[in-house]
Amino acid sequence: MKTLIYSRPYQMAIEERPYPLLGDGCEQVVIRIGAAGICGSDMHAFHGQDPRRQPGLVLGHELAGEIVESQSPRFLPGDRVTANPLITCGKCEYCRQGRDNLCSDRHMVGMDWPGAFAEFMAIPARSVVPLPAGISIQHAALTEPAATVVHAMRLTQRTLTQPLAETRTLVIGGGAIGLLTVLVLRAWGCRHITLAETNALRAEAAERYTGCVSINPMETSISESSHQLVVDAVGAAATRQMAIQAVKPGGVIMHIGLQAWASEIDMRKITLGEITLLGTYTYTMDDFCLTLSMLEEGALGELGWVESRPLSEGEQAFSDLESQQVSAAKILLIP
Ligand SMILES: [Zn+2]
Ligand SMILES: [Zn+2]
């Protein structure tokens, strides 16, 4: 079968790989991939900056498709599905608490499990979620990135002292996660959202598809202590600094992006301002299923900011994203 592999830093390649074998141990299915999205974390691997993703790996973990083989009575060939790419043990303390995203024995598709930039992929049946009739395969492939945001916003709501809908919010970064954050917040009634984005192409697309106001933080400075919630969907040293600068005392910073792993932060403001700095990682199965139903209901808008390209042109898609020559915040590869 045809796959797109990460061959070395800044290089992707189309390669023939054997059709996946169903493992023994737990019930598995083989999915014929219908669409698979390129994620910021795939770009991180492409840059050679993710020690967990080594050359030779089939990347891709945002997927939807059709069952072709099944060891589970829950699925039949032809069923349309998506899958939670975080494969968890179901037994550890976190899994038992329903916080399966923190599972201590987890695997991730496209990281330590062959990914979805391929014609076919095998996965445990309990990671697979059937698609409602009304959703397209392309839109269903957005479940994973959108679930990351739904999980983050549910964590945020638990910490805020007022409803999300009444919260003045700054979202930093107009990539897919930033855009989805605006869309999820709007779906939940939040109207006071500003997006900070330096790339004019992306800012314009974000305004068009989300109806939010965008500013270029290189040109317009963000007032000190002006927002109750700041979402950092980039996670670079400069954006973390921007987030701390912009958050109001008593407010919340939700840190979703993770470009730079460490940087100096102003602990004085965090301490004296009683600021909550929250991290977030992926989603629980519950978040994943809620997100799929939001997408099915059209709660996240028309999704015109998503572009589809053939898997065979995947190398070009990676280099276009790299050079920031696309306005689309998300590119789906279609095998
Ligand atoms: Zn992703
Ligand atoms: Zn577990």
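## Stop 1: the zinc ion (ligand 1)

Along the chain, the donors of the zinc ion (ligand 1) follow the spacing C-x21-H-E. Helices (H or I, at least four residues) and strands (E, at least two) are DSSP runs, numbered from the N terminus.

Now show the side chains. The coordinating atoms are Cys39 (SG), His61 (NE2) and Glu62 (OE), at 2.1 to 2.6 Å from the zinc ion (ligand 1). Donors here are N, O and S atoms within 2.8 Å of the metal (3.2 Å for Na, K and Ca), and water is not among the atoms, so sites may look incomplete. Are Cys39 and Glu62 buried or exposed? Both Cys39 and Glu62 are buried; that word means under 20% relative accessible area, with exposed over 50% and partly exposed in between (1.4 Å probe, protein chains only).

A word on ground rules before moving on. This is a predicted model, where local features need pLDDT of at least 70 and side-chain atom pairs count only at pLDDT 80 or more, while totals for chains, interfaces and linings use all residues. Residues are numbered from 1 along each chain as its sequence is written, chains are lettered from A and ligands numbered from 1 in the order in which they are written, and side-chain values use heavy atoms, with hydrogens and water left out.

## Stop 2: along strand β5

Stay on β5 and pick Glu66, which lies in that strand. At 34% relative accessibility, Glu66 counts as partly exposed. Which residues touch Glu66, leaving aside its neighbours within four places in sequence? Val30, Ile31, Arg32, Gly78, Asp79 and Arg80 do, where contact means heavy atoms within 4.5 Å.

## Stop 3: the zinc ion (ligand 2)

Jump to the zinc ion (ligand 2), which is coordinated by Cys89 (SG), Cys92 (SG), Cys95 (SG) and Cys103 (SG), at 2.3 to 2.4 Å. Their spacing along the chain is C-x2-C-x2-C-x7-C. Why is this arrangement called tetrahedral? Because the four donor atoms subtend angles of 104 to 118° around the zinc ion (ligand 2), and four donors count as tetrahedral if all angles lie between 85 and 135 degrees. Colour by accessibility and you'll find Cys89 buried, at a relative accessible area of 18%, and Cys95 buried too, at 14%.

## Stop 4: zoom out to the domains

Colour the chain as domain 1 (2–142 + 303–334) and domain 2 (149–279); these bounds come from an automatic or database domain assignment. The domain centres, taken over C-alpha atoms, are 27 Å apart. The contact between them takes 13 residues from domain 1 and 15 residues from domain 2.

How much area do domain 1 and domain 2 bury between them? About 1100 Å², 64% of it on carbon and sulfur atoms. Buried area is the accessible area (1.4 Å probe) that two parts lose on being put together, summed over both. On the domain 1 side, select Trp305, Ser327 and Ala329: they supply 46% of the area that domain 1 buries against domain 2, more than any other three residues.

## Stop 5

- **Thr156** is in helix α4 (residues 143–159) and is buried, with a relative accessible area of 0%. Leaving aside neighbours within four places in sequence, Thr156 contacts Leu164, Leu229, Val252, Met254 and Leu278.
- **Thr291** is in helix α9 (residues 285–297), and its relative accessible area is 0%, so it is buried. Beyond its neighbours within four places in sequence, Thr291 contacts Thr143, Ala146, Ala147 and Val150.
- **Asp320** is in helix α10 (residues 314–322) and counts as buried at 17% relative accessibility. With neighbours within four places in sequence left aside, Asp320 contacts Arg309, Gln325 and Val326.

Key. Four donors count as tetrahedral if all angles lie between 85 and 135 degrees; four count as square planar and six as octahedral if opposite donors are over 155 degrees apart and all others between 65 and 115; anything else is irregular.
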